[in-house]
Amino acid sequence: SGLRLVNEPEAPRPGVPAPPRAQPERTRHDGGAMDSDTRSTLIEMYAQGYDEVVRALEGFPVDQLTARPLSGKWSAAEIVHHLAESEMQSAIRLRKLLAEEHRVIQGYDQDEWATRLHYNDRPIGPSLAALKAARESTQQLFLLMTEADWRKLGWHTDTGSYHCERWLTVYAEHAHGHARQIAALKAALTT
């Protein structure tokens, strides 16, 4: 059956190697540490992400937030809700990497979330507030993280080995990429 006991490990996903046995304070030792200039640039990019999304939404026709003028692409409302929920997840992911002994980062199906959580049926204001709060509270942690913190290693259920520097690389760009998508939607609707 598809049921499993609470303490029974998940079956490995195809293409994703099984996680190594958890060890206290695992850190990456692959020699691929990020230099401080790159990290600072990514932290600054992360800090600007919310403002980029807000700028992209400026002048967006409110009655068109749920429109899909680009085939196969999410609406602006869907993007904003995705950003909020993804960023809340990302904030927890970083905290798990920093604070937990057995760091497992659970993946999720973003398209299922968009459907099941009614992204096109909800106002975007609370999700913008959640995006802003998740990013602001996470930025506070950056100032307190040590070099050892940046190298703490966890396991992502979809992609395997996962550490704080990889987290920063992914989420520094995340809001900016979606801001560009919102801008493209706005251009498609207003031209």
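Of the 21 residues in the largest nonpolar core, those touching the most other members are V53, L57, L65, I124, L128 and I182. A nonpolar core here is a set of buried Ala, Val, Leu, Ile, Met, Phe, Trp, Tyr and Cys residues joined through side-chain atoms within 4.5 Å. The largest share, 5 residues, comes from α2. Leaving aside residues up to four places away in sequence, L128 touches Y50, V53, L57 and V80, where contact means heavy atoms within 4.5 Å. Another core, of 16 residues, lies apart from the largest one and has F142, W150, L168 and A172 among its members.

The model is predicted, so local features need pLDDT of at least 70 and side-chain atom pairs count only at pLDDT 80 or more, while totals for chains, interfaces and linings use all residues. Residues are numbered from 1 along each chain as its sequence is written, and side-chain values use heavy atoms, with hydrogens and water left out.

Turning to the overall layout, the protein chain contains 6 helices and 3 strands, which follow the pattern α-α-β-α-α-α-β-β-α along the sequence. Helices (H or I, at least four residues) and strands (E, at least two) are DSSP runs, numbered from the N terminus. Of the 191 residues, 39% count as buried; buried means under 20% relative accessible area, exposed over 50%, and partly exposed in between, with a 1.4 Å probe and protein chains only. Among contacts in the protein chain with a separation of 6 or more, 80% come from residues 24 or more positions apart.

Helix α6 deserves a look of its own. Its 27 residues should span 39 Å at 1.5 Å a residue, and its end C-alpha atoms are 40 Å apart, which agrees; the expected span is 1.5 Å times one less than the number of residues. A kink of about 30° in α6 is centred on H174, the bend at a residue being the angle between axes fitted to the seven residues ending there and the seven starting there.

The 3 strands form an open sheet in the order β1-β2-β3, with mixed pairing. The edges are held by β1 (104-105) and β3 (160-163), each with a single partner strand, so one side of each has no neighbour in the sheet. Strands of a sheet pair through backbone hydrogen bonds, either parallel or antiparallel. Two strands are taken to pair if DSSP finds at least two bridges between them. Strand β2 (residues 153-156) runs parallel to β1, and 2 bridges join them; W155 in β2 is the bridge partner of V104. On the other hand, β2 and β3 run antiparallel and are joined by 4 bridges, with G154 opposite Y162 in β3. These two strands, β2 and β3, form a hairpin with 3 residues between them. From β2, L153 and W155 point one way and G154 and H156 the other way, and all are buried.

Charged side chains complete the picture. The structure holds 12 salt bridges, each a side-chain nitrogen of Lys or Arg within 4 Å of a carboxyl oxygen of Asp or Glu. One of them joins E52 and R55 (2.5 Å, N to O); these residues are 3 apart in helix α1 and therefore separated by about one helical turn. E52 is partly exposed at 26% relative accessibility, and R55 is also partly exposed, at 44%. In the salt bridge between R180 and E173, the closest N and O atoms are 2.2 Å apart. R180 counts as exposed because its relative accessibility is 51%, whereas E173 is partly exposed, with a relative accessible area of 28%. K152 and D149 also form a salt bridge, with their closest N and O atoms 3.5 Å apart, and both residues are buried. Finally, a network of salt bridges links R39, E147, R151 and E165.
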